[in-house]
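Subject: Structure handover and findings

Hello,

Here is the structure for your set. Please open it first, then read the notes below.

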Amino acid sequence: FPTEACPRGFAIDHSGHWLIATGQQSHEVALHAIDPESGQLTPGPRRKVGKGAMWVRVLSLP
């Protein structure tokens, strides 16, 4: 599945509905919706996050 240039880090949120991927060369983070039945990814928004993006951490806050 096409995502960021040189994908370096990714995570799936606790609900299992979103995949977040960082691009070390694109300097962006991308959000992809996960279809719960097929697992198919649908591209969502992308945001600039600075040079060398490489980590994703999903936190569960009270």
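Strands here are DSSP runs of E with at least two residues, and helices are runs of H or I with at least four residues, numbered from the N terminus. Two strands pair if DSSP finds at least two bridges between them.

This is a predicted model, in which local features need pLDDT of at least 70 and side-chain atom pairs count only at pLDDT 80 or more, while totals for chains, interfaces and linings use all residues. Residues are numbered from 1 along each chain as its sequence is written, and side-chain values use heavy atoms, with hydrogens and water left out.

Overall make-up

The protein has four strands and zero helices. Its pattern along the sequence is β-β-β-β. The radius of gyration is 12 Å, close to the 11 Å of the globule rule for 62 residues, so the protein is as compact as a globular protein of that length. That radius is taken over C-alpha atoms, and the rule is 2.2 Å times the number of residues to the power 0.38. The C-alpha trace spans about 35 × 30 × 15 Å along its principal axes.

Of the 62 residues, 26% count as buried. Buried means under 20% relative accessible area, exposed means over 50%, and partly exposed lies in between (1.4 Å probe, protein chains only). The protein exposes about 4600 Å², and carbon and sulfur atoms supply 58% of that area. Areas come from the Shrake-Rupley method with a 1.4 Å probe; for residues, only the protein chains shown count as cover.

Contact means heavy atoms within 4.5 Å. Among contacts with a separation of 6 or more, 30% are between residues 24 or more positions apart.

The sheet

The four strands form an open sheet in the order β1-β2-β3-β4, with antiparallel pairing. β1 and β4 are the edge strands, each pairing on one side only. Neighbouring strands are turned by 20° against each other on average, direction ignored. For angles in general, axes are lines fitted to C-alpha atoms, for helices over the stretch in contact, and values run from 0 to 180 degrees between N-to-C directions.

Now the pairs. β1 and β2 run antiparallel and are joined by five bridges. Ile-12 stands opposite Leu-19 in β2. β2 (residues 18–23) and β3 are also antiparallel, with six bridges. Gly-23 faces Glu-28 of β3 across that pairing. β3 and β4 (residues 41–48) pair over six bridges, again antiparallel. Here His-32 stands opposite Pro-43 in β4.

The hairpins

The hairpin of β2 and β3 has four residues between the strands. His-27 sits in that loop. Its phi is positive, about 60°, although His-27 is not a glycine. His-27 is partly exposed, at 26% relative accessible area. The hairpin of β3 and β4 has six residues between the strands, and there Gly-39 takes a positive phi near 80°.

Strand β3 in detail

Which residues of β3 lie on its covered face? They are Glu-28, Ala-30, His-32 and Ile-34. Val-29, Leu-31 and Ala-33 make up the uncovered one.

Two residues of the covered face deserve a look. Glu-28 is buried, with a relative accessible area of 15%. Its side chain makes a polar contact of 3.3 Å with the side chain of Arg-46. A polar contact is a pair of N or O atoms within 3.5 Å; within protein, one must be able to donate a hydrogen and the other to accept it, and residues adjacent in sequence count only if both atoms are side-chain atoms. Beyond four places in sequence, the contacts of Glu-28 include Glu-4, Ala-21, Thr-22, Lys-48 and Ala-53.

His-32 is buried too, at 4% relative accessibility. Residues up to four places away aside, His-32 touches Phe-1, Pro-2, Thr-3, His-17, Trp-18, Leu-19, Leu-41, Thr-42, Pro-43 and Gly-44.

Gly-9 in β1

Gly-9 is in strand β1 (residues 7–12). Is Gly-9 buried or exposed? At 8% relative accessibility, Gly-9 counts as buried. Not counting residues up to four places away, Gly-9 touches Ile-20, Ala-21, Thr-22, Met-54 and Val-56.

Best regards
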